[in-house]
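Biologist: I would like to learn how to read aromatic pairs and helix packing in a model. Please take me through an example.
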Amino acid sequence: MDFTTTTAQQRLREALAGRQANCVLSDMAPNATGVRMLDQENIMNLCYSVLRFALAISAINAHLVVKLWANGDVSKLEKDLGRFYEHVKRVKPESSRSDSAELFLVAREFKGLERALKASKIEG
């Protein structure tokens with residue numbers, strides 16, 4: 001099932017049965033095309049799709065983990081996660097090959113949308 005579809009996300013919401021999530025963990029990756037720029041764009045789009053989903057279903061202080069491949073947009077995603085989570089950290093698991101571009105962003109302590117949006121208005 002393709003997570004980015006409305007149907008897939010609705011099935012996940014139904015499985016939650018009205019409860020909020022304490023953690024959203026994404027170990028997903030799109031099928032690689034071999035075209036580096038396209039592959040990087042696709043995984044970043046997937047990460048932002050996971051972030052939007054997490055914002056909609058997460059409890060206050062929930063956590064988020066997303067897998068991605070190192071690229072020039074990681075810092076932007078890291079900053080965007082920081083708007084909604086108290087702590088954001090890049091993690092490269094020891095089990096990941098040293099030559100692999102795979103890494104994870106771990107975002108802890110979801111602030112809640114209302115608080116995050118208020119803080120964004122104050123800053124910007």
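Modeller: This is a predicted model. The structure holds two aromatic pairs.

Biologist: By what is a pair of aromatic rings described?

Modeller: A pair of aromatic rings is described by the distance of the centres and the angle of the planes. Here, phenylalanine 3 pairs with phenylalanine 53 at 5.4 Å centre to centre, with 85° between the planes, an edge-to-face arrangement.

Biologist: Where in the chain do phenylalanine 3 and phenylalanine 53 lie?

Modeller: Phenylalanine 3 is in the segment before helix 1 and phenylalanine 53 is in helix 2. They are 50 residues apart, and the pair links distant parts of the chain.

Biologist: Are phenylalanine 3 and phenylalanine 53 buried or exposed?

Modeller: Phenylalanine 3 and phenylalanine 53 are both buried. The other pair, tyrosine 85 with phenylalanine 110, is tilted, with 5.4 Å centre to centre and 45° between the planes. Tyrosine 85 belongs to strand 3 (residues 85-91) and phenylalanine 110 to strand 4 (residues 102-110), so this pair ties together parts that are 25 residues apart in sequence. Tyrosine 85 and phenylalanine 110 are buried too.

Biologist: How do the axes of helix 1 and helix 2 cross?

Modeller: The axes of helix 1 (residues 6-16) and helix 2 (residues 36-57) come within 12 Å and cross at roughly 30°. Angles under 35 degrees count as roughly parallel, and helix 1 and helix 2 are therefore roughly parallel to each other. The crossing is right-handed.

Biologist: Which residues meet in helix 1 and helix 2?

Modeller: Gln9, Leu12, Arg13 and Leu16 in helix 1 meet Ser49, Phe53, Ala56 and Ile57 in helix 2. By class, this contact has five nonpolar, two polar and one charged residues.

Technical notes. Residues are numbered from 1 along each chain as its sequence is written. This is a predicted model: local features need pLDDT of at least 70, side-chain atom pairs count only at pLDDT 80 or more; totals for chains, interfaces and linings use all residues. Side-chain values use heavy atoms; hydrogens and water are left out. Axes are lines fitted to C-alpha atoms, for helices over the stretch in contact, and angles run from 0 to 180 degrees between N-to-C directions. Helices (H or I, at least four residues) and strands (E, at least two) are DSSP runs, numbered from the N terminus. Angles under 35 degrees count as roughly parallel, over 145 as roughly antiparallel, 65 to 115 as roughly perpendicular and the rest as oblique. A crossing is left-handed if the near helix is turned anticlockwise from the far one by less than a right angle, and right-handed if clockwise. Contact means heavy atoms within 4.5 Å. Ala, Val, Leu, Ile, Met, Phe, Trp, Tyr, Cys and Pro count as nonpolar, Asp, Glu, Lys and Arg as charged, and the others, Gly among them, as polar. Rings of Phe, Tyr and Trp (its six-membered ring) pair if their centres lie within 6.5 Å; planes under 30 degrees apart count as stacked, over 60 as edge-to-face and the rest as tilted. Buried means under 20% relative accessible area, exposed over 50%, partly exposed in between (1.4 Å probe, protein chains only).
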